[in-house]
Every structure is written in structure tokens, then in C-alpha cells.
Amino acid sequence: MSWMWDVTTVQDKKITEDNADGIMSRAYRPGPYTPLESQTSFFVQTYLSELRSLITGTRGAPVSQWSAPKELFASPKAASCNTRL
């Protein structure tokens with residue numbers, strides 16, 4: 001059991017470091033949010049709106065209320081997968 005723990009810890013460390021290096025690269029450009037990240041998207045838009053109003057001194061149009069995603073899966077194929085053994 002401890003062997004597997006050590007192996008996965010080393011792999012996780014490598015993946016995390018590689019991701020951090022990629023994000024810090026000048027070539028990195030963030031992509032769009034997935035439907036599963038609707039809460040994150042709402043938070044970012046609300047935060048940026050508040051910052052914009054503080055910087056400019058004006059209030060923009062209010063950000064619409066967050067609502068739960070209509071689908072809990074990123075794709076219809078993922079939604080129909082059968083996980084039973």
C-alpha cells in the first residue's frame with residue numbers, strides 16, 4: 001500500500017508542477033468555462049463587475065443571479081454512461 005502511495009504522490013507532484021509551469025508560460029491563454037464551472041464563471045463576472053464599479057465610480061448593469069446548471073454533465077454522452085459494475 002505504501003508503494004502505491006509513494007508512486008501516486010510523485011505523479012501528482014509532477015502533474016501539478018507541469019500545470020503550474022504551463023500556466024506561468026507567456027503562451028498560456030485561458031479557455032472558456034465548462035458548464036460544470038458555472039459557479040466559478042458567475043463569481044468571476046460578479047467580482048470583475050464590482051472592481052469595475054469601484055475603479056470607474058459608476059454602477060454597471062447588475063449581474064444576473066446565478067442559477068444551477070441545467071445539465072450536471074459536460075456532455076450528453078457522459079450523462080448516459082453506466083457506472084454500475
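Is D18 buried, partly exposed or exposed, and what is its relative accessible area? D18 is partly exposed, at 39% relative accessible area. The legends below treat a predicted model.

**View 1. Overview of the chain.**
The chain holds three helices and zero strands. Along the sequence the pattern reads α-α-α. Of the 85 residues, 2% are buried. The chain exposes about 8200 Å². Carbon and sulfur atoms supply 62% of that area.

**View 2. Confidence along the chain.**
Mean pLDDT for the chain is 80. A value of 70 or more is reached by 69% of the residues. Helix α1 has the highest confidence, at 93. Helix α3, residues 76-79, has the lowest, at a mean of 52. Where pLDDT is low, predicted coordinates should not be read in detail.

The whole structure contains two salt bridges. One joins the side chains of K13 and E17, with N to O at 2.7 Å. Helix α1 covers residues 2-24. K13 and E17 are four residues apart in α1, so about one helical turn separates them. E17 has 39% relative accessibility and therefore counts as partly exposed; the band for that class lies between 20% and 50%.

**View 4**
K14 and D18 form a salt bridge. Their closest N and O atoms are 3.0 Å apart. Both residues belong to α1. Which class does K14 fall in, at 48% relative accessibility? K14 counts as partly exposed. D18 is partly exposed too, with a relative accessible area of 39%.

**View 3. Helix α2 and its end.**
Helix α2 runs over residues 38-56. How far apart are the end C-alpha atoms of α2? They are 27 Å apart. The 19 residues of α2, at 1.5 Å a residue, should span 27 Å, so the two values agree. The expected span uses one less than the number of residues. G57 follows α2. The phi of G57 is positive, near 80 degrees.

**View 4. A nonpolar surface patch.**
Which residues make the nonpolar surface patch of about 680 Å²? They are F43, Y47, L48, L51, L54 and I55. L48 sits in helix α2. Its relative accessibility is 38%, so L48 counts as partly exposed. Membership in a patch requires over 30% relative accessible area, and L48 has 38%.

**View 5. S53 in helix α2.**
S53 is part of helix α2. Its relative accessible area is 10%, so S53 is buried; the cut-off for buried is under 20%. Which residues does S53 contact, leaving aside its neighbours within four places in sequence? S53 is in contact with T58 and R59.

**View 6. S49 and R59.**
S49 also has its place in helix α2. With a relative accessible area of 17%, S49 is buried. How many residues apart in sequence are S49 and R59? They are 10 residues apart. In space, their C-alpha atoms are 8.5 Å apart.

Conventions. Residues numbered from 1 in each chain as written. Heavy atoms only, no water. Patch = residues over 30% accessible without salt bridge, like charges linked within 9 Å, V, L, I, M, F, W, Y side chains within 5 Å. Areas by Shrake-Rupley, 256 points an atom, 1.4 Å probe, with all protein chains shown as cover. Helix = DSSP H or I, 4+ residues; strand = E, 2+ residues; numbered from the N terminus. Buried < 20%, exposed > 50% of the residue type's maximum accessible area, 1.4 Å probe, protein only. pLDDT = per-residue confidence, 0-100. Contact = heavy atoms within 4.5 Å.
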